[in-house]
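Have the viewer open and follow along.

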Amino acid sequence: MGAKTFDRGVGVVIGLVAGGAAALLWFVVAAGTPTAGEMPSQGLVLGMWRVLYDLAAPTPRIILGAVALAFLFAAGIAMLERGTSSKARRSLNQRTTPLSAGIVMARTRGVFAGAVTVTVLVPAHNEEASIFATLSSLLAQSHRPERVVVVADNCTDGTVDIARSLGVEIFESRRNTFKKAGALNQILKVLLPGQGDNDLIMVLDADTRLDDGFLEAAVRRFTSDRALMAVGGLFYGEEGSGLLGQFQRNEYIRYSRDIRRRRGHVFVLTGTASLFRPVALRTVAESRGDTIPGASGEVYDTAALTEDNELTIALKSLGALIISPSECTVVTEVMPTVRTLWVQRLRWQRGALENIGAYGVSPSTFRYWAQQLGLGYSVIALSAFLLLVLVTLLAIDSWVWFPFWLGLGLVFIAERVVSVWAGGLRARLLALTLFPELIFDVFLDVVYVKGIIDITLGRQAQWGHVVNSAPHDELRRVA
């Protein structure tokens, strides 16, 4: 389907499909008739609302059916994703998949394009609090980049002065009103024409610190695989910001763990730190307005709220091979307040919805549609679970232990703890308590629903930007 196929309707489609699936499950469960010896108990909520409840565990038939459905759904998505990826790699269609492995390998066979070089672009808007640490981690890499350019976008603080004191190049955007994407488009129009096949362009956020060895591992991957078009980083949250910061660190740890288990097959090339072959970025720019959405000649779609997610879908749509190796890790900022976290996550959610709405349903985007539908269904499931727990507690006269659900809960807690084990003691203890993270999940669900409502009603989206005050010790070091 063409660009803007769904537009504002993407929220309606996801809401209807997820809600329909939940309603179908409810109907199937409610349609069952208990036997005479299995009649549910009765209770009163607040002394006036009569409810029926059943303290028995689900029958083996229902349990096995639920497990089978979940397995078939997950297996189906995985098989379709693998098939789509394999087909894209083998494709020789120059118009629709010009970045497929088959085309790239045929074009570069027997050609030596020189040694691999790395040019790093650091887009920054009033980042004096973090730019010093970001550039320091970059310049201390075991594989030092050949060129570092800070792309200063409408900066009114000390960002440019700090960057200049470290000896890197400065590129200041001109009359840019399109945030990070617009500033990067300006520098890429200047930079890309002079880049060769073995040159690499890295985009590194100004609030991100590279772990040592990141560039060395990434360059090694590009050197050993001529078909590889992009490498993304696995990100972890910085220390600080109390309990709210730990929620985010646990979330990032789980995401990185999932990518490791997928052997680097990434959902999104994170905007925190990603490297690209110039031919990939040039092909994206040339394809915009034709086979993919966006303005012709621009690498980044300035209409997208989440430019990194949109660029990932663009590359995948063009057949590109992209990964996030386990050796390429970074530390990025966490949102310090509930308000800033709300703004960040609402932008992410709204951007993800707009991206799949713009690209429509295709083999390359099916995984993203399934992800959004899964989120929608999980919102309904968690809300219904918490509501039913509350109603049951209000309806029964005395505390009742539910062995089956207690056992299932213990398995769930164990999985939560194991999935953040690499985060240390604080991460494990937070996961062990369960309910605080459930509250955080409810917060994210509210953000999801807000994103669905906003895009459906056509409300103006906000990009959002968090400006932190610069630490005094950093400023003294560059004074």
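UniProt, in an unreviewed entry, lists residues 12–32, 62–80, 375–396 and 402–422 under "transmembrane region". UniProt positions are given in the numbering used here, feature names are shortened, and annotations may be inferred rather than shown by experiment. Two of those spans look like this in the coordinates. Residues 62–80 are 100% helix and 0% strand, with end C-alpha atoms 27 Å apart. For residues 375–396 the end C-alpha atoms lie 32 Å apart, and the span is 95% helix and 0% strand.

Keep in mind that this is a predicted model: local features need pLDDT of at least 70, side-chain atom pairs count only at pLDDT 80 or more, and totals for chains, interfaces and linings use all residues. Residues are numbered from 1 along each chain as its sequence is written, and side-chain values use heavy atoms, with hydrogens and water left out.

Zooming out, the protein has 16 helices and 12 strands; these are DSSP runs numbered from the N terminus, helices being H or I with at least four residues and strands E with at least two. Of its 479 residues, 46% are buried, meaning under 20% relative accessible area with a 1.4 Å probe and protein chains only (exposed is over 50%, partly exposed in between). Take the contacts with a separation of 6 or more: 77% of them join residues 24 or more positions apart. A contact here means heavy atoms within 4.5 Å.

Now the helix pairs. Two packed helices are described by the angle between their axes and the distance between the axes. The axes are lines fitted to C-alpha atoms over the stretch in contact, and angles run from 0 to 180 degrees between N-to-C directions.

| Helix pair | Axis angle | Axis distance |
|---|---|---|
| H2 (residues 60–90) and H12 | about 160° | 10 Å |
| H13 (residues 403–419) and H14 (residues 425–433) | roughly 165° | within 8 Å |

H2 passes H12 in a left-handed crossing, so called when the near helix is turned anticlockwise from the far one by less than a right angle, with clockwise being right-handed. Ile77, Leu80 and Glu81 of H2 make the contact with Phe366, Arg367 and Ala370 of H12. By class, that is four nonpolar, no polar and two charged residues. Ala, Val, Leu, Ile, Met, Phe, Trp, Tyr, Cys and Pro count as nonpolar, Asp, Glu, Lys and Arg as charged, and the others, Gly among them, as polar.

Ala370 is worth a click. It lies in helix H12 (residues 366–395) and counts as buried because its relative accessibility is 11%.

Ile413, Arg416 and Val417 in H13 meet Arg428, Ala431 and Leu432 in H14. This contact comprises four nonpolar, no polar and two charged residues.

Most residues other than glycine have a negative phi. Leu434, in the loop between H14 and helix H15 (435–457), has a positive phi of about 65° and is buried at 13% relative accessible area. Asn126 also has a positive phi, about 50°. Asn126 sits in the loop between strand E3 (117–124) and helix H4 (131–139), and its 12% relative accessibility makes it buried.
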